[in-house]
Amino acid sequence: FGFLTRQLMSLAGGRLILALEGGHDLTAICDASEACVSALLGIQDAIPDDVLLQKPNANAVHSLQTVIEIQSQYWQNVKAHSRSVGLSYVAAQSKDCEETDAVNALASLSVGVMSNKRLLDDPMEHDSDSM
C-alpha cells in the first residue's frame, strides 16, 4: 500500500487524498494505513527482493486485463501497459527501460544527405586510404 501510495503521489504531483474504509481484518487495516501515512510523510520502507520478483496473482492479471480492455476505449495510452500486466515489478521495469531505450535511440537517429565534399573531408576516409 505504501508503494502504491508513492506511485499515485508521483502521478498526481504529490496532491493526494486518502480515505479509510472499514474492513474485517483489523491488523491488515492498521498495517495498510501505516504504510500509506508513511508514504505521505516521505518515509520509504524497502520492498524485499522476493516481492519485487514475484509475478502477480492470475486472478488479478485477468481483472487488470479486463479493466485495460474496457478503459482503453476511452484512454488509448492504457493499452501500452497491457503487455506487462502479468510480469513481476522488476521484469516490467526492465521491459519499460528497454522499450524507452529503443524509442530514444530511434528518435536520436537523423537522416540527411551528405555532400561529396564532406565525404572527402572525413578523417576515416583518409585513414583507410593510407593503409
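Phe1 is exposed, with a relative accessible area of 63% (exposed means over 50%, buried under 20% and partly exposed in between, with a 1.4 Å probe and protein chains only). The model is a predicted one, in which local features need pLDDT of at least 70 and side-chain atom pairs count only at pLDDT 80 or more, while totals for chains, interfaces and linings use all residues. Residues are numbered from 1 along each chain as its sequence is written, and side-chain values use heavy atoms, with hydrogens and water left out.

**Overall fold**
- The protein has seven helices and zero strands, where helices (H or I, at least four residues) and strands (E, at least two) are DSSP runs numbered from the N terminus.
- From the N terminus on, the order of elements is α-α-α-α-α-α-α.
- Of the 131 residues, 13% count as buried.

**N-terminal segment**
- Phe1 belongs to the segment before α1.
- The C-alpha atoms of Phe1 and Ala39 are separated by 8.7 Å, although these residues stand 38 residues apart along the chain.

**Largest pocket**
- The largest pocket holds about 1500 Å³ of space; a pocket is an open set of points on a 1 Å grid over the protein atoms alone, where a 1.4 Å probe fits, with protein on both sides within 12 Å along at least five of seven lines, and lining residues have an atom within 4 Å of a point.
- Its volume is the space filled by probe spheres set on the points, which are joined across faces, edges and corners.
- Of the 42 lining residues, Phe3, Leu4, Gln7, Leu64 and Tyr89 are the closest to the centre of the largest pocket.
- Two or more lining residues come from each of α1 (2-11), α2 (26-40), α3 (49-53), α4 (58-71) and α5 (89-108), and α1 gives the most, with eight residues.
- The lining of the largest pocket divides into 24 nonpolar, 12 polar and six charged residues (Ala, Val, Leu, Ile, Met, Phe, Trp, Tyr, Cys and Pro count as nonpolar, Asp, Glu, Lys and Arg as charged, and the others, Gly among them, as polar).

**Second largest pocket**
- The second largest pocket has a volume of about 260 Å³.
- Among the residues that line the second largest pocket are Phe1, Leu18, Asp25, Cys36 and Val37.
- Its lining comprises nine nonpolar, one polar and two charged residues.

**Ile43**
- Ile43 lies in the loop between α2 and α3.
- With a relative accessible area of 45%, Ile43 is partly exposed.
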